[in-house]
Amino acid sequence: MEEYIVSARKYRPTSFDTVVGQQALTTTLKNAVKSGKLAHAYLFCGPRGVGKTTCARIFAKAINCLTPTEDGEACGQCESCQAFNEQRSFNIFELDAASNNSVEHIKTLMEQTRIPPQVGKYKVFIIDEVHMLSTAAFNAFLKTLEEPPQHVIFILATTEKHKILPTILSRCQIYDFERMTVRNTIDHLKSVADREGITYEEEALAVIAEKADGGMRDALSIFDQAASFCQGNITYQKVIEDLNVLDAENYFQIVDLALENKAMEIMVLLNSVISKGFDGGLLVQGLAKHVRNVLMARDPQTLPLLEVSDQQRERYQQQATKCTIPFLYKALQLMNQCDINYRQSSNKRLLVELTLIEIAQITQPDEGAGSGRKPGRLKSLFKQLIQQPQPKKAAPQVAAAEPVASAPTGRPQLKSAVSFSWKNLRKTSEQRKMHIIPGTLDANDPNAAPQDEQQPFSQQDLELQWMSMCNRMPQKLSGIATRMKNMNPTITEFPAVEVVVDNQIAMEQMENIKGSIVNTLKLYLHNNAISLTMRVAEHEEQGKILSRREQYELMEKENPSIMKLRELLNLELA
């Protein structure tokens with residue numbers, strides 16, 4: 001049985017002309033060979049799998065070729081080329097710096113540079129992953145790299161150029177390798193498939209190319225995997241099944257449904273995607289990329305920016321004719337905001353669902369009638385849940401952060417209780433003087449409570465809004481917010497509120513933000529007559545601050561039913 005060789009090794013380029021996607025770079029190297037103007041040190045850098053080590057070997061072979069071609073390629077017939085092909089050349093040395101990164105290894109290498117070549121013109125030293133060398137090894141290498149013997153050429157290869165010392169970089173000719181484009185990868189995979197006698201669909205090869213993310217070696221490895229799974233017939237459906245890639249058809253369907261304002265159908269599609277094991281955040285990222293491609297397909301100038309197959313490009317162009325520019329811009333904005341908030345969200349699926357619902361309502365009129373499944377009814381209900389009454393006159397200044405923000409299109413966003421991020425707007429000079437807390441309002445804010453609002457509230461309502469206010473306070477006020485969470489505001493004589501502060505330092509910090517605290521309580525308790533008094537606790541009022549465990553143990557003592565419930569459910573206190 002013939003020995004199997006993976007495609008990445010079997011079809012590794014052996015000449016400059018067969019290198020894919022690096023035409024400008026290989027042309028420069030061939031011209032250097034033709035003219036004989038060779039530097040003593042080269043640095044090849046770029047992402048993985050783009051041909052750095054391969055080009056280093058081809059270049060080393062061409063340098064030592066006894067009869068190079070007119071184009072600067074190695075002839076492949078002379079003794080030097082034959083020795084290189086049979087891996088017995090004494091003029092070309094390869095060193096893996098990842099495993100030979102000590103000073104001793106470099107000193108051994110430097111000793112070999114003193115011996116002139118027996119066959120050929122130069123001794124070529126290829127050092128792969130050179131950024132892995134230790135600082136001491138770099139320093140030992142520096143002097144030889146600066147003034148090497150005339151018969152020595154160094155070719156360094158790395159994926160992380162920023163880790164190499166500047167003194168090394170300044171002594172090398174630097175060549176930056178480019179990532180493989182999807183089109184170049186597809187064309188190369190086609191040639192490999194034709195040589196291997198494998199049938200394929202171009203869309204399937206496009207999925208492989210996108211999955212490789214610019215690396216040709218990765219693309220060939222994935223190609224071998226797909227060929228094995230598909231048994232010689234690489235189809236689109238089998239490739240997305242083998243690679244566990246979300247079908248692009250889902251993105252086309254979501255955009256089409258959003259244009260028709262069919263939010264409920266999008267929810268059903270989202271559920272089917274999640275039930276297949278795909279993450280909601282992955283769907284949003286893929287949909288954002290899809291909408292970006294649709295936007296690029298609208299203009300012939302940006303059409304070349306689409307790194308997709310020809311069939312996919314036609315589909316993008318067809319869908320682009322249905323979509324308006326405002327719809328695409330707004331959809332991208334919503335998905336970008338969802339992507340930012342996704343990791344921090346405690347209910348990720350709800351965040352994705354709300355984002356898709358908003359996308360489905362971009363082109364929908366504000367008013368509409370219909371049954372519960374109709375988009376008009378859904379939008380009206382959604383609007384009632386999140387909209388805050390707006391005053392007739394807008395205040396000249398905007399607070400540091402509003403509890404209800406409006407999107408650029410005028411569509412309201414979620415209130416702070418269910419929102420996923422705070423927009424910290426620039427503070428005005430008046431707000432800086434008043435020390436406004438983001439998440440609270442000053443008296444001149446357009447969303448502040450009306451002057452004549454006098455709704456009653458209970459002690460429980462007061463404690464709830466106090467805790468919510470503490471949770472909304474920004475990071476720079478986290479210290480005082482933590483102390484305020486342990487304070488218990490009480491209603492002394494309605495609607496007067498009193499807070500007992502632990503010490504004078506906390507008292508001074510709270511005095512700086514007292515105005516914002518009062519205005520926030522007025523807004524969320526719907527009572528503009530609220531007043532707040534603060535005092536430092538007396539000695540006998542200062543009690544021990546209980547930890548979470550101590551608070552729970554106290555609750556068990558006061559209510560034995562809690563302990564029975566814990567034992568019944570076999571719960572443990574974390």
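Axes here are lines fitted to C-alpha atoms, for helices over the stretch in contact, with angles running from 0 to 180 degrees between N-to-C directions. On the α14 side the contact uses His-290, Asn-293 and Val-294, and on the α15 side Tyr-316, Gln-319 and Ala-320. Contact means heavy atoms within 4.5 Å. Those residues split into three nonpolar, three polar and no charged.

A quick word on the source: this is a predicted model, where local features need pLDDT of at least 70 and side-chain atom pairs count only at pLDDT 80 or more, while totals for chains, interfaces and linings use all residues. Residues are numbered from 1 along each chain as its sequence is written, and side-chain values use heavy atoms, leaving out hydrogens and water. Helices (H or I, at least four residues) and strands (E, at least two) are DSSP runs, numbered from the N terminus.

Now, the largest pocket. It holds about 800 Å³ of space. Its lining has 33 residues, and the closest to the centre are Glu-210, Lys-211, Val-245, Tyr-251 and Lys-289. A pocket, on a 1 Å grid with a 1.4 Å probe, is an open set of points with protein on both sides within 12 Å along at least five of seven lines, and lining residues have an atom within 4 Å of a point. Which helix gives the most to this lining? That is α14, with seven residues. By class, the lining has 15 nonpolar, ten polar and eight charged residues.

On to the sheets. Five strands make an open, parallel sheet in the order β2-β3-β4-β1-β5. β2 (92-96) and β5 (173-176) are at the edges with a single partner strand each, so one side of each has no neighbour in the sheet. Strands pair if DSSP finds at least two bridges between them. β2 and β3 (residues 123-128) share five bridges, and Glu-94 sits opposite Ile-126 in β3. Helix α6 (residues 135-146) lies across β1, β3 and β4, at about 135° to β4.

The other sheet is open too, with three strands in the order β8-β9-β10 and mixed pairing. β8 pairs with β9 (residues 496-501) in the antiparallel sense over two bridges, and Ile-491 stands opposite Val-497 in β9. Helix α22 (residues 504-512) packs on this sheet, touching β9 and β10.

Technical notes: Points joined across faces, edges and corners; volume = space filled by probe spheres on them. Nonpolar A, V, L, I, M, F, W, Y, C, P; charged D, E, K, R; others polar.
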